[in-house]
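User: I would like to learn how to read a protein model feature by feature. Can you take me through one, starting with strand pairing?

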Amino acid sequence: MREGSLMEQYIMLVTIEAYPDKADLVCSELSKIVELTRNEEGCLQYDLHVDSICPSTFVFYEIWQSKEHWKMHDTSEHIKKLRIATKNAISNTKVKILKLV
């Protein structure tokens, strides 16, 4: 059973679109943060996917114990480094906050 109540959990779907010529760089940089993030307090699930049709599109499926835990993640050093490393490589980012039905 996951920690925290289902009402408190913060569930996100984050889609990152890299410029096609920068997809390998973005993939490499995103992959670097997966284990670091999974070890963060409050991280219940953190999975990185790549679109099977458009290989320059990446999707994170994230479940956090609370929004506050996600906020701590969003200001972590590895996220700051990721933003610097991919600054000119990402064309668009979409974030969806989900609720369990």
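User: Which residue in E3 is the bridge partner of Tyr10?

Analyst: First, the ground rules. This is a predicted model, where local features need pLDDT of at least 70 and side-chain atom pairs count only at pLDDT 80 or more, while totals for chains, interfaces and linings use all residues. Residues are numbered from 1 along each chain as its sequence is written, and side-chain values use heavy atoms, with hydrogens and water left out. Next, the terms. Helices (H or I, at least four residues) and strands (E, at least two) are DSSP runs, numbered from the N terminus. Two strands pair if DSSP finds at least two bridges between them. Now the case: Tyr10 has Trp64 in E3 as its bridge partner.

User: In what sense do E1 and E3 pair, and over how many bridges?

Analyst: Strand E1 covers residues 10–18, and its pairing with E3 is antiparallel, over 8 bridges. Another pair to look at is Ile16, whose bridge partner in E3 is Phe58. E1 also runs antiparallel to E4, joined by 8 bridges. There, Met12 has Ile97 as its partner in E4.

User: And how does E2 pair with E3?

Analyst: Strand E2 (residues 43–50) pairs with E3 in the antiparallel sense, over 7 bridges. Asp47 stands opposite Tyr61 in E3. A hairpin of 6 residues links E2 to E3.

User: Which residues touch the most other members of the largest nonpolar core?

Analyst: A nonpolar core is a set of buried Ala, Val, Leu, Ile, Met, Phe, Trp, Tyr and Cys residues joined through side-chain atoms within 4.5 Å. The largest one here has 18 residues, and Val26, Leu30, Tyr46, Phe60 and Trp64 touch the most other members. E1, helix H1 (23–38), E2, E3 and helix H3 (77–85) each supply at least two of its residues. E1 gives the most, with 5 residues.

User: What is Tyr46 in contact with, beyond its sequence neighbours?

Analyst: Contact means heavy atoms within 4.5 Å. Leaving aside neighbours within four places in sequence, Tyr46 contacts Ile33, Val34, Thr37, Arg38, Phe60, Tyr61, Glu62, Trp64 and His73.

User: Why does His73 count as buried?

Analyst: His73 counts as buried because its relative accessibility is 3%. His73 sits in helix H2. Its contacts, not counting residues up to four places away in sequence, are Thr37, Glu40, Tyr46, Glu62, Trp64, His78 and Ile79.

User: Is Ile97 buried or partly exposed?

Analyst: Ile97 is partly exposed, because its relative accessible area is 46%. Ile97 belongs to strand E4. Leaving aside neighbours within four places in sequence, Ile97 contacts Tyr10, Ile11 and Met12. From Ile97 to His73 the separation is 24 residues in sequence and 16 Å in space, C-alpha to C-alpha.

User: How far apart are Gln45 and Asp21 in space?

Analyst: Gln45 and Asp21 are 29 Å apart, C-alpha to C-alpha, and 24 residues apart in sequence. Gln45 lies in strand E2.

User: Where is Tyr19 found?

Analyst: Tyr19 is in the loop between E1 and H1. Tyr19 and Asn92 are 73 residues apart in sequence, yet 8.8 Å apart in space, C-alpha to C-alpha. Beyond neighbours within four places in sequence, Tyr19 contacts Asn88, Ala89, Ile90 and Ser91.

User: What classes of residue make up the lining of the largest pocket?

Analyst: Ala, Val, Leu, Ile, Met, Phe, Trp, Tyr, Cys and Pro count as nonpolar, Asp, Glu, Lys and Arg as charged, and the others, Gly among them, as polar. On that basis, the lining has 12 nonpolar, 3 polar and 3 charged residues.

How values were computed: Buried means under 20% relative accessible area, exposed over 50%, partly exposed in between (1.4 Å probe, protein chains only).
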